[in-house]
Amino acid sequence: MSASGFSDLREKLKSMTPHRDNYKNKVTDKDDSYKNRKVKVTDGGSSNGNGRKRKHRDSSEDEVEPVESREQEARRVQSGIVQVEVFSKEDCDVIEGKINEVVANGEAGLYREHTVDRAPLRNKYFFGEGYTYGAQLEKRGPGQERLYPKGEVDDIPTWVHDLVITKLVASGVVPEGFVNSAVINDYQPGGCIVSHVDPLHIFARPIVSVSFFSDSALCFGCRFQFKPIRVSEPVLELPVRRGSVTVLSGYAADDITHCIRPQDIKERRAVIILRKTRPDAPRVDQSPSPNPPPPERHASLKAKRSHRRADPDAAHRPRVLEMDKEENRHSSSSSRLHRRSNSSENYWRRSQDGDVSRKVKMRRH
């Protein structure tokens with residue numbers, strides 16, 4: 001022990017600063033009381049017997065809950081999907097020939113402006129009804145889509161009625177007169193369509209689609225990322241075969257997004273989407289602007305009044321025809337051009353002479 005009575009330097013320092021221990025105890029007490037109050041407000045019955053919030057959950061809860069919810073959502077999606085086989089291979093061959101004709105007509109510019117919508121590796125052809133979506137929207141977000149005014153897209157082709165809709169009605173997939181909108185999506189390998197829900201305020205349910213050219217998949221609940229393009233794992237991946245009919249309603253149509261991923265288009269694929277627009281669906285506003293421009297005024301057809309006195313001998317003079325006037329105008333204009341060229345030539349000569357004189361004058365210095 002040292003002469004000062006302390007066996008350890010820490011004891012000596014502690015005796016010299018007793019206020020630090022008191023301050024530390026006060027802070028600790030405040031922190032404990034604050035934590036207890038916070039647990040009571042935010043945690044409710046999840047605190048343990050000491051009044052402190054439980055930091056760790058059982059590992060079984062973390063592992064089981066996401067798996068169960070994902071499986072439940074997949075079952076809900078599946079409950080809103082019906083798939084039927086309606087079209088034979090021979091039917092597909094005929095319909096695919098008609099789709100090729102649609103593509104050729106679009107390339108030739110035979111359709112109206114809003115019938116064809118082109119994107120990299122994917123073209124859309126709207127018939128019956130078309131609507132604004134994606135980058136076409138002035139305001140982005142769900143509920144902003146609008147139908148085009150009547151007549152802005154071409155009518156549904158006769159072959160779609162005869163070869164597709166008639167067979168769906170006969171098979172009980174849709175009732176007679178249900179379809180008034182047909183869209184053909186033509187995908188090239190690697191093409192896609194991002195996750196979306198068909199606008200609820202535009203289209204009634206169900207949504208019917210028929211696949212052609214090749215097999216593919218329709219995915220639900222994916223998230224897209226770009227540059228480079230990446231797609232998360234789907235909640236449900238639904239195989240769609242060539243000639244198969246897919247009907248979406250309920251949860252699958254309204255409460256979860258669906259998409260076509262790039263990796264699912266390995267060959268060219270086309271799908272015909274058949275829908276019915278709601279009678280109260282909003283359309284693109286074509287009302288006139290509140291301050292329309294004034295109508296263009298046309299020149300008056302009244303004869304100009306002359307302030308000169310009439311010449312009594314004018315009737316006895318030879319009449320000058322319009323062709324003679326034109327000839328006179330040409331001759332006068334050519335003479336003016338000749339005089340102008342002469343004057344410009346004289347000016348050029350004078351400038352040249354002036355340059356020489358200036359050069360000579362400079363040499364004299």
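## Cavity

A cavity is a set of points on a 1 Å grid over the protein atoms alone, where a 1.4 Å probe fits but cannot get out. Grid points are joined across faces, edges and corners, and a volume is the space filled by probe spheres set on the points. This is a predicted model: local features need pLDDT of at least 70, side-chain atom pairs count only at pLDDT 80 or more, and totals for chains, interfaces and linings use all residues. Residues are numbered from 1 along each chain as its sequence is written, and side-chain values use heavy atoms, with hydrogens and water left out.

A search of the whole structure finds one cavity of 30 Å³ or more. The largest cavity holds about 30 Å³ of space. Its lining (residues with an atom within 4 Å of a point) consists of Gly128, Glu129, Gly130, Tyr148, Pro149, Lys150, Gly151, Glu152 and Val153. By class, that lining has three nonpolar, three polar and three charged residues. Tyr and Pro count as nonpolar, Glu and Lys as charged, and Gly as polar.

## The β8–β9 loop

Strands are DSSP runs of E with at least two residues, and helices are runs of H or I with at least four; both are numbered from the N terminus. Phenylalanine 226 sits in the loop between β8 (224–225) and β9 (230–231). Phenylalanine 226 is partly exposed because its relative accessible area is 49%; buried means under 20%, exposed over 50%, and partly exposed in between (1.4 Å probe, protein chains only). Val194, Phe226 and Ile229 make a nonpolar surface patch of about 260 Å². Patch residues have over 30% relative accessible area and no salt bridge, and nonpolar side chains are joined within 5 Å. A salt bridge is a side-chain nitrogen of Lys or Arg within 4 Å of a carboxyl oxygen of Asp or Glu.

Lysine 227 lies in the loop between β8 and β9. Its phi is positive, about 60 degrees, although it is not a glycine. At 83% relative accessibility, lysine 227 is exposed. A cis peptide bond runs from lysine 227 to proline 228, with omega near -5 degrees.

## Other backbone features

Most residues other than glycine have a negative phi, and most peptide bonds are trans. Arginine 205 and proline 206 are joined by a cis bond, with omega about 10 degrees. Proline 206 is in the loop between β5 (193–196) and β6 (207–212). Phenylalanine 213, in the loop between β6 and β7 (216–220), has a positive phi of about 75 degrees. Phenylalanine 213 is partly exposed, at 22% relative accessibility.

Conventions
Patches are made of residues with over 30% relative accessible area and no salt bridge: like charges are joined within 9 Å, nonpolar side chains (Val, Leu, Ile, Met, Phe, Trp, Tyr) within 5 Å. Accessible areas come from the Shrake-Rupley method with a 1.4 Å probe; for residues, only the protein chains shown count as cover. On a 1 Å grid over the protein atoms alone, a cavity is a set of points where a 1.4 Å probe fits but cannot get out, and a pocket is an open set with protein on both sides within 12 Å along at least five of seven lines; lining residues have an atom within 4 Å of a point.
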